[in-house]
Amino acid sequence: MRMAEVRSKWIGLPAKLLSGALTAVVIMLILIFSLKILSRPSGSGTLSITAATGSLTLEPLCGESVTWDLPAGRVGRRSVAPGEPGYETSAEAVTMVLAPGSRTRVISSDARVLRVSVEQTDDLAQRCPAVASQPYRLILDGAPAAQDPVGFNYEARARAEAGPLKISLPVSGRVILGQVVSEGADWRARSAPILLTGAIMRRVKPWFSDEVMTVGETERLDQGSILDSHACMEPRTSSIAAAPGCSAAQLVPAVGFFQILDAGGLQVQLYARGPAGVQNYRGPQHRIEVPLSTALWESDTVKVWGAFFLLIFACLEQVSRVCKSTWTRILHSITKRSPDKAATSDAEPAPRAIVSDRASAAGGETAVRSSAAEAFHEIERLQQTNPKKTNI
Amino acid sequence: MTPSTRRIDRRVVPWFLTCLALAWTAGAYAQFQPVPGREYHEIFNATNQVRGEAIVALVLAPSIEAQQADTIQVLLPASYNGELRVEALSADGRFRGEGSFAGSRSRDRWVALPLGRAEAKEPHASLRRPVNTETLALAVRGADGTLYVARWGGEAPSSHRSEMLRIYVNSGRADIFIVPGKAKAVHCRPLTIPQPLRYDSYCDVPLADVPADGNLKLIRRDQFEEQTQTFSVYLPHE
């Protein structure tokens with residue numbers, strides 16, 4: 001008997017330790033998993049980007065295309081080498097159709113001048129499941145222009161008396177605002193079309209709510225920064241800030257528009273799902289996004305239920321004590337009312353509720369205790385052995 | 001043969017062997033050695049000096065495998081004697097490897113320069129050289145700043161006239177064309193990285209197209225404005 005007790009004691013200790021360790025591991029795994037999920041971008045989060053910039057680059061995403069109607073201007077075929085004929089042509093009305101696989105750069109450092117360069121990009125074309133053979137088309141005065149394998153240059157220049165160009169054009173896809181200030185190389189000086197000012201606001205639709213709210217502080221963009229609406233699309237060829245690749249087919253395009261400012265430059269309004277990448281001048285890229293946790297913390301419903309459950313857990317011990325003491329008093333009052341009857345009567349079965357699990361598991365000895373009085377005395381005995389857990 | 005003659009022979013043999021080994025070592029390895037205190041090292045996220053060069057680097061037939069090697073080669077004039085400054089640079093300016101070598105050229109036109117095991121400085125010691133034939137260039141300059149044609153790896157080029165010379169150009173975000181002699185203009189390819197700081201385009205020119213005098217014309221076309229520069233590539237015809 002003694003040996004069996006000692007053995008069970010020694011077997012019980014590792015079992016307890018193992019179960020404790022297992023519980024800790026499970027809790028840790030759940031925590032890590034929850035944190036990982038909560039740090040992912042929220043589906044309902046939006047970045048509202050407002051910026052004044054000298055340049056804007058647009059790459060339509062898979063399945064998207066953008067059409068721009070542009071004013072009269074000059075068009076150049078980029079594959080035509082200098083000195084060869086056929087580079088430049090003019091048109092009164094120019095329409096550009098931009099599809100996935102194209103990269104378009106818009107520059108405006110003067111209110112009267114708009115420059116657009118279109119080229120082919122292999123990088124995005126490889127990410128899309130299906131890409132048109134020609135990712136850009138030009139329609140000049142209603143007639144399609146001959147395709148060019150390298151791309152097109154376009155320039156609109158308003159006359160001095162006409163004032164600044166008044167154009168608003170939509171964008172949809174991956175948008176990059178600003179560019180780096182290039183080092184000198186004995187070329188003719190021209191102002192670099194950098195990003196001038198900008199701000200990013202995070203907006204989110206909290207869980208169980210249809211309301212959209214602004215969260216966090218407004219992110220200010222320094223002059224000379226570069227903003228990328230799709231930071232995860234940064235090519236792996238980049239030396240250090242190689243972000244994990246993402247599929248362009250599954251990405252949500254950044255949408256918005258731009259117009260030419262009277263003082264020169266482009267005023268841009270964008271709405272992006274993120275994560276957006278911001279590079280300060282010559283600095284590393286950092287990401288801006290609205291994580292799932294923000295949508296969770298900002299939800300009033302989640303807050304109310306969280307507070308409720310917190311309250312319940314905090315009061316759990318008190319509530320259980322109150323229940324126990326109430327139950328004991330009820331039992332006490334029953335036994336006081338008819339102690340003899342309850343003690344001697346074999347015909348009346350004991351109430352089921354007062355037969356504890358421990359007592360029923362004890363075997364033949366407890367099976368005899370069928371009366372309420374005996375059960376009550378058993379409870380009292382148990383409570384005396386552990387007086388801290390009872391109010392009696 | 002007398003015993004005394006035999007004794008002299010034995011004494012000469014080790015000297016002869018030592019001289020032979022030294023001669024072989026000098027011939028097999030570079031005649032250029034790292035300058036003490038300015039050995040080659042690699043830096044990540046370093047502050048770069050502001051430069052002003054249209055042609056940033058000239059590399060013969062770069063490949064990813066060769067870029068991982070710890071030896072480079074440079075094509076030098078016959079009488080070259082002095083210092084060489086080696087710079088491995090990424091287009092975005094975040095990686096830079098630099099070091100100086102001193103020595104003189106022997107009979108070989110291609111001179112090997114042992115970079116040694118790249119010593120990365122903290123806090124990016126775990127990062128490796130960002131090998132990429134488009135975004136990682138190699139520039140070897142003489143003491144007067146002349147840019148020489150370089151090559152990644154230690155293997156001697158077989159028939160380099162059939163290979164491509166890659167010219168890395170800082171175009172200032174414009175279209176760049178290279179006209180090698182009387183050959184047709186070559187349209188250079190722009191890089192697709194968001195921050196091309198040191199250079200933004202590269203041009204592949206068949207070495208066979210480079211004229212004997214090595215003179216090339218660089219044409220920059222910014223929308224509808226054109227500018228021209230000329231530069232010379234040293235290609236010995238020995």
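Two strands pair if DSSP finds at least two bridges between them; strands are DSSP runs of E of at least two residues, helices are H or I runs of at least four, and both are numbered from the N terminus. This is a predicted model, in which local features need pLDDT of at least 70, side-chain atom pairs count only at pLDDT 80 or more, and totals for chains, interfaces and linings use all residues. Residues are numbered from 1 along each chain as its sequence is written, while chains are lettered from A and ligands numbered from 1 in the order in which they are written.

**Stop 1: a sheet in chain B.** Select β12 (residues 175–180) of chain B and then β13(B): the two pair in the antiparallel sense over 2 bridges. At B:I178, look across to B:V186 in β13(B), which stands opposite.

**Stop 2: chain A as a whole.** Chain A holds 8 helices and 19 strands. Colour its 392 residues by burial: 30% count as buried, meaning that 20 or more other C-beta atoms, placed from the backbone, lie within 10 Å of the residue's own.

**Stop 3: β2 of chain A.** Select residues 55–59; 5 of the 5 residues in this strand are buried. A:S55, A:T57 and A:E59 lie on one side and A:L56 and A:L58 on the other, and both faces are covered. In a regular strand the side chains alternate between the two faces of the sheet.

Next show the neighbours of β2(A). Strand β7 (residues 102–107) of chain A runs antiparallel to β2(A) and is joined to it by 4 bridges, with A:T104 as the bridge partner of A:L58. Strand β12 (residues 168–177) of chain A also pairs with β2(A) in the antiparallel sense, over 4 bridges; there A:I176 stands opposite A:T57.

Stop 4: Select the 34 residues from chain A and 40 residues from chain B that make the contact. On the side of chain A that touches chain B, β4 (73–77), β11 (151–157) and β15 (226–228) of chain A each supply at least two residues.

Conventions. Two residues are in contact if their C-beta atoms, placed from the backbone, lie within 7 Å. A residue is buried if 20 or more other C-beta atoms lie within 10 Å of its own, exposed if 12 or fewer, and partly exposed in between; C-beta atoms are placed from the backbone.
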